[in-house]
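Let's walk through some charged side-chain pairs in this model. Have the structure open as you read.

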Amino acid sequence: MKTNIFLVHFLALMMLSLTSMAQGTGTLSGKVTESDNGNPLPGAQVYVDGTTNGTITDGNGHYSLSLPAGTSTVSVSFVGYTKQTTKVTIQEGKTLNKDFALSADLFNLNDVVVTATFSKRTQFDSPLSMTEMDSKKLEKLTSNSQADILRTVPGITAEGGGGEVASNVFVRGLPSGGQYQFTPIQIDGIPILSAFGLNSSAHDVYFRNDLGFRNMEFVKGGVSTLFGAGSVAGIINYSSITGSAIPENKIQLEWADGGRARADVLSSGQINKTTFYAFSGFLRYDEGPLKTGLKTVGGQFRGNIKKMLNDGKGAFTLYGQYIDDKVVFYLPYPLKNDNGNYSRPKGNDGKTVYTTLTGEATDFSFDTPYGVHKSQISNGVMTKGGYLMADFNYNFDNDWVLKVKTKYASYQHQFNLFLDGDGVHNVPELQSDYLAARGLPANATFTYVSTGQPLKQTDLLFQNRILDRNRPMQELVGEFNLSKNFDWGSANHNLTIGTFNSYTSARDDDYIYSYLGDFRNQPKMVDVTYQENGVTQNYTEGGYIVGSGSQTSNKVNAMQKSAGYLADEIKWNRFNLDVGLRYEHAKGFITSETGIGSNTFDKGTVQTNGFALAMAGLYKLSHQANLYANFSKGYFFPEIRSVKFISPGVTQSYKPEKIYQAEAGAKFGFKNFAANLGTYYVTLGDRRSVDFVNDGAGGVTEQVSVQSTRTIGLEAYASYYLTKKLNFYGNLTVQNHEYTKVEGNPDQVGNWLRRQPRAMGMLGIAYNDGVFDAGLSDNFIGKRFANDANTVKLDPYSIMRLDAGYTTMLGKTQSFRLGVSVFNLANSVGITEGSPRQGNSQISGGDFFVGRPILPRRVYVRATFNF
C-alpha cells in the first residue's frame, strides 16, 4: 500500500533525526506578573516556540525551565492576557533570569490555538477564520446540547430541538441533513468518530460536555483540513484541562424547572513534581424539558494523567472516558397550521401540546425472524462505554518534535425514537376518518387502555411509530507526526510530516412498530375493537397496532482509513504562508441481510482515494490589523450506508465527493475593539445525500440523492469593550447558496439548500465586574426551506438567552457563584425543521403541519464552588 511506503520513509527520516548529538543545557528562570499592578500570575505558560518544552508558573508566579545551550525563542501566555515572545541565549550549566509582565487581552486573540496548525500559534496570527470559547463560557452551557454552544459560532446553524444529543449542525455553504458530516468533533485532537455514515447516529451521542474542558475551538479551512480525520469544512475541537502545579477544584450544582438536577465535579492538580492529574464528570436526572413520562438519567466520567519527561522536553498523557447515559430525543409533531403560521396546538384535554412522546408506549413486544423483540424505547438514546487515549509528545534536542496519539473506543449504543406520524396520514384524525381510512367498521369502539373508558366523540386520534435502533460501535485510531522548526534564508519554517490510520465498525439493527394514542401531551394509549361475525376483533392490543412490528435492518458497516500528510508553515517578518497536502485511502466493508430473516447477506467492499490541498496566507499590516486568505481542495468519502448493491456482491461505484473552498478577509485587534470580516466561496460536487423517508406503507426507507451545490457568502464578527467590564458583540453571515445539480430532479436546480438560511447572526451584551456578571444574547436564523423542493418555507426565528450571576470570595483562592440562566427567554416557537421523513412530498397546506419547534423557555439555577 502506498501509505506503507510513505510510513517507511517517515520512520527513516525520524531515525535520522535522532542521530544528532544532544546539546548541553542551562536554565531560564524568573517571574510572570500582571503589567497593570505587578500581581503574580500563577499558572502562566512558559514554553519554547514550536516545541513541547515548557512549564507553568507556581502560586507566586515563578518559573524555571531547562533549555538547550544556544538561542531559543520563548513565549509566555496566560488566558486573558497578551502573549509575549522573546529570544534568549542560554549558556551550558548557567541560569538566566528573565521576568515577564503581561497586559490584559480582552478578546483572547493571543491565546494559542491547537486545531488550526501543527505548531503553537495565536488566533490573530492564523490565516483562518476561527472561534474559541474558554472554560468560563462553556461552563454556563455545560448542561445543554451542542446546539446551544455551536449556534453562537459565526457561520454555523445549529438546531437543538431534539434534546441533549443528535444536534443538527449546518456549516456555512454546505448541504447536510444535519449532524456533523463536514464538521467532525474532536476531543484532545482525536475525532470522536473517524468515519461518518456507517449509520445515522450523530457523533455527539458518544460524549457530553462537562467542567473538564479548557476550551473549544472551531476552525474553518486551511491546514486544519489536513490532519486528524481530514475535515472538510472545519474542525470542532475540545481540549481537556490537564493538571498543573496549581490545583483546581470545582463543584457545580444545577437545578431547572421540569424536574432537572445535575451535579458536576472537576479536580486537577499535581501528584508529584513531574506527574499531574485531572478528573471531571457529572450525574444528572431530568424529567423535562418536555413532560413525556420518559426520563433522562445517567452520567459521564473523564480523566487524564500527564507525565512530564526530561525536564519538560516531552509529555505522556493518558486520557479516559466512561459514559452511561440515557436521554430523550424529540422529533417533529403535528403543529397547528394557520395559513402557514405554525404554532403548538391544543390537545383533547384543552392543554397545549408540546410533544407526542408518551411513557405509556414502552411495553410492546412482537415476533421477528430472530425471536421476540421487546421495545427499547424507554432507553431513549442510550450510550454506554468509553475510550482510552494515549498522547505522547517529545521535543528532541535538534528541534524535531514527535507527536503520537492513539485511541481505542467501544460503545453499546441505542438510538430509539418516536417518529412523526404513521408514515401515511401523519396528522391527528377524527375517529370516523380513522376508521374509514383503514377500512374498519364504522361501529368500532375506541377505549383508553389504562381505564377501559370510551373516548369522547370529539377526541382526536394520533397514530405514531417507534423506531428502535441497536448500534454498537468500536474504533481504533492512531496518528503520529514529526515536525522540524528551522530557519532557511529570511524565513522560519515549521515542517510537518505525518500519518493517520483508523478502523471503525458499527452495527445497524432497526425495528419499527406502530401504536395508537389520543392527541395530547403524553398521549394515552387507545384500543380499537369491532365485531366480526359475532366475534370481537382487536385492531390494537394495549395500544399496539396488531401485526405492525417488524425488523427492517440488519447491517454491519466498517471503514478503514489510512492517510499521509505534509505541511509547512512559513513565517517572514510580516507574512505567514501555510501550504500542505494530504493523501488518503479509504476502504469500506458492507454486510447487509438481503431479506430480514433470510440469513443470507450481501457482502461487498468499496475503496477509493482522496487528495487534499490547502494554502493559506496572512499579511501583517500592523500589530492591530492583518489580511488573510486561504484555499483548500478537499474531499468527503460518501456515507457507507448510501452504497447499494446492484447485484449480489456487486456494489455501486464509490468515489470521493470533491469540495473546493476559498476565503479572504481581514482581522483587527485593538485595545477595546476586535473584528473579523471575510468573504467565502464553497462548491461541493456529486454528493450522495442520504435521507430516511416514509415508504408509503408505514415503513421507513433510505433514499439517496446525488447533488452538487455552490455558495458565496460574507461573514463578519465584531466585539467592543465600552469599558473593561461592559462588552458588546455580534456576528452576521449572509450567503447565496443553490443546488447546481440534482440527479432525477432537474427542476430543483437553483433551489436553496435545505434548512440553510441565507442570513443568520447574533447580538449580545455582557457585563462582569468580578462580583456581578450578566449577559443577554439573541441568535437570529433567517428564512429557510424544509426540503430540497423548496415547497415548505420556514419563517425566521430568534433564540434569546440570559445569564446572570453573583460571585463572592470564600477565601484567598476560594469562591462561590450563584447563577441563573434562561434558555429561550422570549419563549419563541420558531420551527427548526419540517418532517424529514416526508421529504419533498411535504406540503404547507392542511389543518396541521408536521414540524419541530425549538424547545420552550427553561430556567436553570447553578451554584458553583471554586477552591
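## Glu-164 and Arg-260

Glu-164 pairs up with Arg-260 in a salt bridge, with their closest N and O atoms 2.9 Å apart. A salt bridge here is a side-chain nitrogen of Lys or Arg within 4 Å of a carboxyl oxygen of Asp or Glu. The two partners are 96 residues apart: Glu-164 is in the loop between β12 (156–159) and β13 (168–171), while Arg-260 is in strand β19 (residues 260–272). Strands (E, at least two residues) are DSSP runs, numbered from the N terminus.

Both Glu-164 and Arg-260 are buried, where buried means under 20% relative accessible area (1.4 Å probe, protein chains only).

## How the model was read

This is a predicted model: local features need pLDDT of at least 70, side-chain atom pairs count only at pLDDT 80 or more, and totals for chains, interfaces and linings use all residues. Residues are numbered from 1 along each chain as its sequence is written, and side-chain values use heavy atoms, with hydrogens and water left out.

## Two further pairs

Arg-284 and Asp-325 form a salt bridge at 2.7 Å, N to O. Arg-284 sits in strand β20 (residues 275–286) and Asp-325 in strand β22 (residues 314–327), so the pair ties together parts 41 residues apart in sequence. Arg-284 and Asp-325 are both buried.

Asp-788 meets Arg-754 in a salt bridge too, at 3.1 Å, N to O. Both of these residues, Asp-788 and Arg-754, are buried.

## The wider picture

Glu-164, Arg-260, Arg-284 and Asp-325 are among the members of a salt-bridge network that also includes Arg-208, Glu-254 and Asp-286, plus Arg-858 and Arg-862. Overall, the count comes to 39 salt bridges.

Definitions and conventions
Helix = DSSP H or I, 4+ residues; strand = E, 2+ residues; numbered from the N terminus. Buried < 20%, exposed > 50% of the residue type's maximum accessible area, 1.4 Å probe, protein only.
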